[in-house]
Amino acid sequence: MTHADAGAAVDSAEPPRWERAAALFVRWREGDSRAMDELVRLMTPPLWHVVRAYGLDHALAQDVVQTTWMTLVRRHETILDAQAVSGWLTMCARREAWRVGKQQRRADPTEAESLEPHLPVHESAEQTATTDDAARRLWSAVSTLNERCQRLLRIVAFEDRPDYARIAQDLAMPIGSIGPTRQRCLAKLRAELEGTGWGGDDDGD
């Protein structure tokens, strides 16, 4: 089975992350405290990657993610559509990361080893092994790209519905250049992956 086939199998077996997050959020607001634990496990990995894209070190990134969850608990009543919770969390994390990064005036490039997931989602042993191997190879390849590509791909990759206007503001890029830049970065990433023997399915795009 190819990596693409495996990914398709997983996609067909469970709904998108934002739908799972919405369902857990509804359960939590209805009084199921365990649903919040599941929501944290589900959304912390993508939030972590989004925050780290702003150049924050491990400790500051951890603080930002924790602040994001605390903000959700305090302001959950402002979220009228449960399906918007994943985007709300991402936006909150991004704004807090931007604020903290500006305050600390940090501009250090992200270290390659920090590109690997720190808090993987719970799944079967076989799925975990496959996912971890793919993640190591993927983020190792991402670390060979320039800083702008790394930051852009990290933000776009871990958002179900990227807000290009906000991304343009955060990365100081014209909004019209985000799409072309993303394509160039993905092309470089694909070339790097193919160079390491991970070619995937070539559909010619």
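Author: Let's start with what lies over helix H4: the cover on its buried residues includes helix H2 (17-29), helix H3 (33-52) and helix H5 (85-104). Bear in mind that this is a predicted model.

Which residues of H4 are buried? They are Leu60, Ala61, Val64, Val65, Thr68, Trp69, Thr71 and Leu72. If you're wondering about the spacing in that list, an α-helix has 3.6 residues a turn, so residues three or four places apart point the same way.

As for the helix itself, H4 runs over residues 58-75, which makes 18 residues. From first C-alpha to last, H4 reaches 26 Å, close to the 26 Å expected at 1.5 Å a residue.

Now for the sulfur link. The structure holds one disulfide, formed by Cys149 and Cys185 with their sulfur atoms 2.0 Å apart. This pair ties together distant parts of the chain, with Cys149 in helix H7 (residues 147-157) and Cys185 in helix H9 (residues 175-195), 36 residues apart. The angle about the S-S bond is -80 degrees, and the link is left-handed.

Are these two cysteines buried or exposed? Buried means under 20% relative accessible area, so Cys149 counts as buried at 3%, and Cys185 counts as buried at 1%. Cys92 is buried as well, with a relative accessible area of 15%.

Note on methods
Residues numbered from 1 in each chain as written. Predicted model: local features only at pLDDT ≥ 70, side-chain atom pairs only at ≥ 80, totals over all residues. Heavy atoms only, no water. Helix = DSSP H or I, 4+ residues; strand = E, 2+ residues; numbered from the N terminus. Expected span 1.5 Å × (residues − 1). Buried < 20%, exposed > 50% of the residue type's maximum accessible area, 1.4 Å probe, protein only. Contact = heavy atoms within 4.5 Å. Disulfide = S-S within 2.5 Å.
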